[in-house]
Amino acid sequence: MNPRSADRGTADRGPQTADRRNAEEVPLPSAVRGPRSDYDVERIRRDFPILSRSIRGRKLVYLDNAATTQKPQVVIDRLVRYYTEENSNVHRGVHYLSEVATADYEAARTTVKKFINARDEKEIVFTRGTTEAINLVAQSWGRVNVREGDEILITAIEHHSNIVPWQLLCEEKKARLRVAPVDDDGDIILDELARLLTPRTRLVAVGHASNALGTINPIAEIIAMAHANGSLVLVDGAQGVPHMSIDVQALDCDFYAFSGHKVYAPTGIGALYGKESILDAMPPWQGGGDMILSVSFEKTTFNALPYKFEAGTPNIEGVIGLAAALDYVSLAGIENIAAHEHDLLTYATGRLREVDGLRIIGTAKRKAAVISFTLEGVHPHDIGTILDREGVAIRTGHHCAQPLMMRFNIPATSRASFAMYNTRAEADALITGLHKVIEVFR
Amino acid sequence: MSDLRELYQQVILDHNKNPRNFREMADATRKVEGFNPLCGDHYTIFLKIDGDVIRDISFVGNGCAISKASTSVMSSSVKGKTREEADALFDVFHKLVTGDKGGDVEDELGRFAPFSGVAEFPTRVKCAILAWHTLKSALHEEKESVTTE
Ligand SMILES: Cc1ncc(COP(=O)(O)O)c(C=O)c1O
């Protein structure tokens with residue numbers, strides 16, 4: 001994806017004055033533009049204020065990025081500026097502030113559209129995050145498209161948020177939830193998936209990348225297989241958007257869901273992409289203000305896309321912060337970020353393999369920078385506590401993927417996950433911490 | 001490292017490696033499961049209750065060192081005790097791991113002392129207390145399963 005400095009100000013389409021002010025005031029992230037060789041991780045780190053704080057007297061080593069990422073100063077500043085200068089409700093006022101807020105809100109939709117290369121702004125629905133986006137599809141699309149005996153196909157690697165909404169739908173509709181298995185490396189077994197595609201398969205819901213194992217799933221192939229079978233595809237892109245460039249048109253997926261907070265934006269905001277023709281045919285999900293054109297007690301006429309799916313006052317601050325975060329990522333270059341993270345993945349994997357008794361869970365050929373592991377004789381929770389005392393933040397547990405843990409016959413793993421600002425030195429700190437764990441336990 | 005050594009005292013590490021009463025019980029009169037959803041601790045506690053007395057107790061399951069050691073110590077300390085005595089021990093243990101110095105209950109035998117470091121680790125209190133909540137539920141026949149949430 002090419003850096004899109006033109007999108008930098010989120011208020012490009014705002015009133016004249018706001019436009020000019022933004023152009024002057026939005027500070028350029030110090031993230032380096034240009035080819036990979038220029039990727040200056042130390043400069044990027046300086047953009048994230050939290051990274052310079054210490055935890056229990058030690059420098060923070062934040063390796064829990066698959067749970068949520070830290071926020072760059074430009075995003076934090078953007079939220080402050082919104083509340084300091086622009087706060088107002090959107091789509092409802094004729095006054096100046098409401099115009100500014102509405103313009104920024106809609107400009108953010110354009111930013112998201114470009115970021116994932118959707119065809120039209122109408123195809124971008126703002127949601128609270130991935131979970132809400134998936135629930136929206138399950139409940140709205142599912143309500144009219146899934147009948148008794150139909151099937152929804154998911155995979156064994158899914159996050160609970162791409163399992164439970166479909167389970168609820170299937171229960172309600174007496175439909176069947178089917179699950180494509182994964183192999184010992186954590187790769188989806190495509191032959192099995194093909195076998196599970198039947199004339200009754202209405203939709204395939206699959207993660208772009210696994211938060212628990214890091215596996216990057218061959219979604220283009222899965223989408224082609226599903227479409228050949230006449231099934232729609234929803235991609236859970238929570239771990240896709242932060243780590244690779246996304247082109248929903250090239251992928252040809254029908255839905256793509258992601259969360260802002262995993263890509264350096266605030267919590268509580270995310271988006272659902274849906275093909276216009278499909279979204280258009282779906283019934284509204286939640287009812288309320290903004291999603292209507294006119295209301296009488298006899299009949300309500302619903303608003304056009306995407307507003308039909310955005311009932312009530314939205315998370316305006318979140319939407320504006322999301323655009324600032326995506327602009328920041330674009331300036332650093334998602335390809336540069338991907339290359340940097342891949343280097344960290346390779347380096348950390350190599351170093352972890354040297355640790356006695358350590359087993360990496362998830363050894364797919366294509367992985368995002370997520371490493372799950374177990375350490376012989378030590379429960380992940382104990383590892384997490386000891387690393388925390390070293391200032392190293394990792395996640396331990398089942399990673400909202402209990403069926404996947406069962407598949408690997410383990411109750412939990414420890415997981416280190418990397419982002420654009422992590423360094424090899426931080427991977428080293430993880431290793432040093434693990435040696436402390438071993439020292440305590442042996 | 002010192003507060004970590006406080007948390008992971010030798011006694012805890014020993015109970016973790018070699019938990020006492022770690023077995024199923026075919027003729028149990030009561031069986032209750034305990035979960036800690038945060039970290040996936042999962043134990044089943046078996047009891048043989050005779051009138052008011054815990055004749056036998058055992059457990060199986062999986063979890064972190066703190067939860068496993070705590071379940072192990074709990075099982076040895078309540079064996080042969082009455083419900084009331086077990087409830088009193090619960091209170092002693094609870095006060096210890098939550099750092100509550102008030103009250104007049106005392107850990108007379110110092111049996112629970114190895115868990116005193118837990119109070120410094122708020123996220124680990126649930127791990128330590130899980131076994132005791134599960135026991136309480138089993139004794140008072142409240143629920144078939146207990147979670148720390
Ligand atoms: C793969 C995957 N899907 C879905 C989600 C849910 O995202 P959110 O909690 O932001 O809705 C997550 C986040 O944990 C995830 O990693």
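In this predicted model, 24 residues of chain B are in contact with 16 residues of chain A, contact meaning heavy atoms within 4.5 Å. Residues are numbered from 1 along each chain as its sequence is written, while chains are lettered from A and ligands numbered from 1 in the order in which they are written. Because the model is predicted, local features need pLDDT of at least 70 and side-chain atom pairs count only at pLDDT 80 or more, whereas totals for chains, interfaces and linings use all residues, and side-chain values use heavy atoms, with hydrogens and water left out.

The area buried between chain B and chain A is about 1,600 Å², and carbon and sulfur atoms give 58% of this area; buried area is the accessible area (1.4 Å probe) that two parts lose on being put together, summed over both. Two salt bridges are counted between chain B and chain A, a salt bridge being a side-chain nitrogen of Lys or Arg within 4 Å of a carboxyl oxygen of Asp or Glu. In a salt bridge between the two chains, the side chains of D382(A) and R124(B) meet at 2.8 Å, N to O. On the side of chain B that touches chain A, the elements giving two or more residues are α1 (2-7), α2 (10-17) and α3 (65-78) of chain B, where helices are DSSP runs (H or I, at least four residues) numbered from the N terminus. The largest share of that side, four residues, comes from α1(B). Its residues divide into 13 nonpolar, five polar and six charged, with Ala, Val, Leu, Ile, Met, Phe, Trp, Tyr, Cys and Pro counted as nonpolar, Asp, Glu, Lys and Arg as charged, and the others, Gly among them, as polar.

The ligand is surrounded by residues of chain A that include H159(A), N211(A), S259(A) and K262(A), a residue being near a molecule if one of its heavy atoms lies within 4 Å of it. The shell around the ligand divides into two nonpolar, eight polar and two charged residues. The table gives distances from ligand atoms to polar side-chain atoms.

| Residue | Ligand atom | Distance |
|---|---|---|
| T131(A) | oxygen | 2.6 Å |
| D236(A) | nitrogen | 2.5 Å |
| Q239(A) | oxygen | 2.8 Å |

On its own the ligand has 390 Å² of accessible area, of which the protein covers 84%, the areas coming from the Shrake-Rupley method with a 1.4 Å probe.

Over all chains, a search of the whole structure finds 34 salt bridges. E276(A) forms a salt bridge with K122(A), the closest N and O atoms being 3.6 Å apart.

Definitions and conventions: A polar contact is a pair of N or O atoms within 3.5 Å; within protein, one must be able to donate a hydrogen and the other to accept it, and residues adjacent in sequence count only if both atoms are side-chain atoms.
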